[in-house]
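Please take the sequence and the structure together, and follow the paragraphs below with both in view.

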Amino acid sequence: MSHAAPNPSSVSRRQFLREGMRLAAMTGAGAFVGLSIGRTGARENYVWQIDPSKCVYCGNCATACVLKPSAVKCVQAYEICGYCDLCTGYFVPEPNALNTGAENQVCPTAAIERKFIEDPYYEYNIIESLCIGCAKCVEGCTRFGNGSFYLQVRHDRCVNCNECSIARVCAGDAFRRVPASNPYFLKTSAH
Amino acid sequence: MRALFPKSLFPALMGLLAACAVASELRFPPPEFETDYTMPGITTPPPRSLAMEYVDTALLVTALGLAAWLVHRRRSRRGLVALSVFSLVYFGFIRTGCICPIGAPQNVALGMFDPGYTIPLTALAFFLVPLVFSLFWGRTFCAAVCPHGALQDLVLIKPVKVPLWIEQGLGIVPFIFLGLGILLAATGTAFIICRYDPFIPLFRMSGSVFGLTLGGIFLAAALFIGRPFCRFLCPYGALLRLGSIVSRKAVRITPDHCTQCRLCEHSCPFGAIREPVKLPVTPNALAPERRRLTWLILALPVLIAVGAWLGSKLSVAAAKVHPTVALAEQFLAGDKAPAPATALPTPETRALGRAAETAPELIAAASEVRRRLGIGGWWFGGWVGLVIGARLISLSLRPNRTDFEPDRGACYACGRCYLACPNERVRLGLITPAEAAALQAHAPVPRPDAKPS
């Protein structure tokens, strides 16, 4: 018996082991798929969204997003809005005058449009292309007003990171994965 | 249809909500307009449609099949480069990443351990399909489908040979990274594989300074070191390596027979080509190797046990990564030494304010995370012990190679070695058999220090 020549039985043993492992892996993968499909629950994809009731308007949405400017924008719930002349989401505390002067505005990018409707009501619109999601207006409106301004992840901008970089640092723990078919928290009443 | 759903429902929903919105909750009752003012609606732009996710999955399967065909049937490096460019553009710069197979093990782990998260079908497909392909055709995903691999492969201009001991030593990092990623994802702590991904910020051309810097470093390294991310970090590559080891088909450098001319030896920039192994002249020469292997196999359970014990010690530190635990600890520390009152609230003070309001729930949640990480720490430590032990054992196994062959696990199936083989050139009609013989005659001679065993 010669040890110098390659042992053919050893080759077939390795081949056998390899095929056995492959079969085991395939079985495992099949079982895993069956298990996952068999579980009840949503099959659809998830997207990230902010629960407005948990938001503490910390400002991280403007800075932590992988996109610059952020995919988070302020939205206006017109049904809740009081259409106030002295809007606490629009004006800084004790403004010089109730006009559109930059020194009177809370918004650092002048992304809120103030439009006269009828005495004494004004409509406030968010200009999304300017909004950076800093939540300064959200804080003013929620703490002193009706809370019609609130932050939402805008899904036309969001790249839907597997781990949202804002969710990681959210001071209110307000970010969560929601089903992609129902991707917004629409605010229905104050607070 | 699904994408249009929120929009079509919207007016009806809004009407309902307007009726429900209780005026008494509002500080300033909504006005009764006298003019014919109509209230604008909120726009709700839909996310990327599910149909597009299915298109992505179909493209993934097609690209994997094409790559397998190019690697094993066509044996075409040029075709693989073309497919790489497509994958880089589509899966990289157009799709911009998530959810990709590299990060998908975390989604799988979260789906298994978090009852509130069911893994989406497309994420499951992205996790499983490249793995199943690797069981049959090796790492065809790495070859030309993964945008990370494609990017590094295409920028490689001057490969430097990495010493084998560094290669083997750092080669266990992907397995450890995979274990850590799964541990932190299963406990809902973090998705570190995504957080420290170097190339996604480059694909998005946007990201944190840290992410873009990391991407720049890896890209610069990839100019001289073949695929540094794939070899020394990629956790999904670790899984594909396992699949590739037992794959049905493996890359063969030569189309027919190996003349051992050594011309292919340096064609692999990833150090995956292994020399033939000669058996020793006397069988007794194998005895020390057998003894070493026996000791290593006996040491494996010890390594696992030590690893598990060390891992359980690490879990307290790991828990600090979890935002809830971090906040709870900060809050409890702040109880003893009250933070100085600042004029402007910061995200930290707002988070602490929330902690003060919900202290009992927060602390309960944090200790639950701690408990789960404590259990996970044992598993993770044991896994690290197993990885180190298995690597030592695999290094002590005697391969029975008679030809120059790529290491089944390490080979990315990039196709660079094919054209280095004179027999392949003859097969393609590029040179005549006589020219091939001349090439082989001038081939590098075996190194004099090469050991017979």
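Helix H2 of chain B, residues 50-74, has 25 residues, and in this predicted model the distance from its first C-alpha to its last is 34 Å, close to the 36 Å expected at 1.5 Å a residue. Which residues of H2(B) are buried? They are B:Glu53, B:Asp56, B:Leu60, B:Ala63, B:Leu64, B:Ala67, B:Ala68, B:Leu70 and B:Val71. The buried residues of H2(B) pack against helix H3 (77-94), H5 and helix H6 (140-145) of chain B. After H2(B) comes B:Arg75, which has a positive phi, near 50°.

One of these packing partners, H5(B), also meets another helix of chain B. The axes of H5(B), residues 121-137, and H14(B), residues 235-245, come within 6 Å and cross at roughly 30°. Because angles under 35 degrees count as roughly parallel, H5(B) is described as roughly parallel to H14(B). Their crossing is right-handed. On the side of H5(B), the residues in contact are B:Pro130, B:Leu131, B:Ser134 and B:Leu135, and they meet B:Leu239, B:Leu240, B:Gly243 and B:Ser244 in H14(B).

Further along chain B lies helix H15, which covers residues 287-319 and has 33 residues; at 1.5 Å a residue these should span 48 Å, and the end C-alpha atoms are 47 Å apart, so the two values agree. Where does the kink of about 35° lie in H15(B)? It lies at B:Ala299, shortly before the proline B:Pro301. The buried residues of H15(B) are B:Gly307, B:Gly311, B:Ser315, B:Ala318 and B:Ala319.

Now turn to the place where the two chains meet, at which 63 residues of chain A are in contact with 67 residues of chain B. On the side of chain A that touches chain B, helix H1 (8-38), strand S1 (46-50) and strand S3 (112-118) each supply at least two residues. The largest share of that side, 10 residues, comes from H1(A).

In chain A, a cis peptide bond joins A:Lys68 and A:Pro69, with omega about -5°, and A:Pro69 lies in the loop between helix H2 (60-64) and strand S2 (72-76) of chain A. Another cis peptide bond joins A:Asp119 and A:Pro120, with omega about 5°, and A:Pro120 is placed in the loop between S3 and strand S4 (121-126) of chain A.

Positive phi values are found in both chains, as A:Tyr57 and B:Ala413 show. A:Tyr57 is not a glycine, yet its phi is positive, about 45°, and this residue sits in the loop between S1 and H2 of chain A. Is A:Tyr57 buried or exposed? It is buried, because 25 other C-beta atoms lie within 10 Å, where 20 or more are needed. For B:Ala413, phi is near 60°, which is again a positive value in a residue other than glycine, and its place is the loop between strand S2 (405-406) and helix H19 (422-427) of chain B. B:Ala413 has 27 C-beta neighbours inside 10 Å and therefore counts as buried.

Note on methods: Residues numbered from 1 in each chain as written. Chains lettered and ligands numbered in written order. Predicted model: local features only at pLDDT ≥ 70, side-chain atom pairs only at ≥ 80, totals over all residues. Helix = DSSP H or I, 4+ residues; strand = E, 2+ residues; numbered from the N terminus. Expected span 1.5 Å × (residues − 1). Bend = angle between axes of the 7 residues up to and from the residue. Buried ≥ 20, exposed ≤ 12 C-beta atoms within 10 Å, placed from the backbone. Axes fitted to C-alpha atoms, helices over the stretch in contact; angles between N-to-C directions. Parallel < 35°, antiparallel > 145°, perpendicular 65-115°, else oblique. Left-handed = near helix turned anticlockwise from the far one by under 90°. Contact = placed C-beta atoms within 7 Å.
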